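Colleague: I'd like to learn how to read a helical model. Please take me through it feature by feature.

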2 protein chains.
Amino acid sequence: MSQAAADNRNSPDTRERILDAAEWLFAEHGFDGTSMRQITSQASVNLAAVNYHFGSKEALFHEVFHRRLNQLNLLRLQELDKLEQEAGEAPLKPSQVLEGFFGPALEMAADTTHGGHTFMRLLGRTYTEPAEFVRKFMAEEYAEVMERYTVALYRSLPDVPRAEIVWRLHFMMGAVSYAISGIDALALVTGRFDDDPALLKPRLTSFLLGGLRAPLPEQVTNAVKGEK
Amino acid sequence: MSQAAADNRNSPDTRERILDAAEWLFAEHGFDGTSMRQITSQASVNLAAVNYHFGSKEALFHEVFHRRLNQLNLLRLQELDKLEQEAGEAPLKPSQVLEGFFGPALEMAADTTHGGHTFMRLLGRTYTEPAEFVRKFMAEEYAEVMERYTVALYRSLPDVPRAEIVWRLHFMMGAVSYAISGIDALALVTGRFDDDPALLKPRLTSFLLGGLRAPLPEQVTNAVKGEK
DNA sequence: ATTGCAATCAAACGTTCGTTTGAATGCTAA
DNA sequence: TTAGCATTCAAACGAACGTTTGATTGCAAT
């Protein structure tokens, strides 16, 4: 083939520099709020480099996402594989499912030196991202993990209606997302809290478990009759 | 003074039409993703009308927010006033505080005919909004309500460390915000759920109460000694 | 009738946007 | 040494952006 493409990794680091700069800027200012000139300037590359290496701004955004979301998905699936293997036929405990799902995300969010934290902030914001093409590939790249974990949650809570479980998973993702991405936002609102960030994970897991195992609301209990 | 300004309500409806159109477009495409031309076109007004009536795009965004957030703040404070008056000296129950805080928000979110739903979607997204000026006035307009409700929560949970309460309030706001603003986003991920939207409020309150009253994580219990 | 002013309008302002172009650069393989 | 090709670069593209301008409209008070 071509010369530098021997290891399929053209251009020693300008691709990576672009991805890192874009990741940070997208997290900081959003997709529409970040310009190509900001990205290439912060990455110290030529303006045309993004279009040369990635094709377009949208494709760059997608690649920024894919790079780390892929890793996160792998970690989550590995955790679940391990847990299910250890459990054999038995259903997992809800706390185990949560640990498998949110553990890797929180650990990635705690990594402030390799961009993991930046990416998790970006991920949290992107759930509510308006842009159409973002929703599209988010759903695609999330599909397998969400499918496996919802099934695992169903099994771990056999007496809880499935719709309720889906909702609570939704609520939990919201809580985690805010905890990760919106810390400074809340600090503005409630006054700063000079607090040990290492305590975030135990705080969150305790809260999430409490919510997940909360008694069903009356209206739902009454409405559900013949559901499995 | 001037003629039409007799009731301080110039121009029968073009201001309102602009605000409504902007509210929807900002919720749908974000601040940077919405253009003046989209707004004025959807409102069927001249392009210059926004700058004439509001001064700038940022000022328009601020006004879109102020219009409804003011109402939401009033409702929340009224609820709290009523609850505290009924309780006399006694602290409120946590469920009451949550009802006062999230009740008005959820009711506003359920109002799909007067723009309340649209605004709550916008509000949810704006917590994670990158733009600086947005954070600024969000914090200002939220300050009083947050102050009063955190104090009420402190009193309702006297044995829980205050830092923990603030965190859990944060988590709860995340869950609610997602529940309101990201419904379609999650639908993409987990498959649609054809579900009664009237059940959202009981579902949420149950989940939130479970999380709020969850046992403290060990690490926190161990770390806290002399705190009130 | 006429004056005054709030409101609306079409048109243009200068700037910034994402993207494209075509030439220069530098390394690799022949 | 030379040919080939991936990469970088300065420059420019047309389009869209938020905002401003100056004329026009239409009603209310004189």
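Colleague: What percentage of the residues of chain A count as buried?

Modeller: First, the ground rules. This is a predicted model, where local features need pLDDT of at least 70, side-chain atom pairs count only at pLDDT 80 or more, and totals for chains, interfaces and linings use all residues. Residues are numbered from 1 along each chain as its sequence is written, chains are lettered from A and ligands numbered from 1 in the order in which they are written, and side-chain values use heavy atoms, leaving out hydrogens and water. Now burial. Buried means under 20% relative accessible area, exposed over 50%, and partly exposed in between (1.4 Å probe, protein chains only). Chain A has 228 residues, and 52% of them count as buried.

Colleague: How many helices and strands are there in chain A?

Modeller: Helices here are DSSP runs of H or I, at least four residues; strands are runs of E, at least two; both are numbered from the N terminus. Chain A has 11 helices and 0 strands.

Colleague: What share of the contacts in chain A with a separation of 6 or more comes from residues 24 or more positions apart?

Modeller: Contact means heavy atoms within 4.5 Å. For chain A that share is 72%.

Colleague: Next, helix packing. At what angle do α5(A) and α7(A) pack?

Modeller: Two packed helices are described by the angle between their axes and the distance between the axes. The axes are lines fitted to C-alpha atoms, for helices over the stretch in contact, and angles run from 0 to 180 degrees between N-to-C directions. Helix α5 (residues 94-110) and helix α7 (residues 132-156) of chain A pack at about 165°, with axes 9 Å apart. Under 35 degrees is roughly parallel, over 145 roughly antiparallel, 65 to 115 roughly perpendicular, and the rest oblique. So α5(A) and α7(A) are roughly antiparallel.

Colleague: Which residues make that contact?

Modeller: From α5(A), they are Pro94(A), Val97(A), Gly100(A) and Phe101(A). The α7(A) side includes Val145(A), Met146(A), Tyr149(A) and Leu153(A). Sort them by class: Ala, Val, Leu, Ile, Met, Phe, Trp, Tyr, Cys and Pro are nonpolar; Asp, Glu, Lys and Arg are charged; the others, Gly among them, are polar. This contact has 8 nonpolar, 2 polar and no charged residues.

Colleague: How do α7(A) and α8(A) cross?

Modeller: Their axes come within 10 Å and cross at roughly 120°; α8(A) covers residues 162-181. That angle makes α7(A) oblique to α8(A). Among the contact residues are Thr150(A) of α7(A) and Arg162(A) of α8(A). By class, there are 8 nonpolar, 1 polar and 1 charged.

Colleague: Is Arg162(A) buried, partly exposed or exposed?

Modeller: At 45% relative accessibility, Arg162(A) counts as partly exposed. The C-alpha atoms of Arg162(A) and Thr150(A) are separated by 8.9 Å, with the two residues 12 apart along the chain.

Colleague: Last, the backbone. Where does Ser44(A) lie?

Modeller: Ser44(A) lies in the loop between α2 (36-42) and α3 (49-53) of chain A. Its phi is near 55°, a positive value in a residue other than glycine. Ser44(A) counts as exposed, at 58% relative accessibility. In chain B, Ser44(B) has a positive phi of about 55°. Ser44(B) counts as exposed at 57% relative accessibility.
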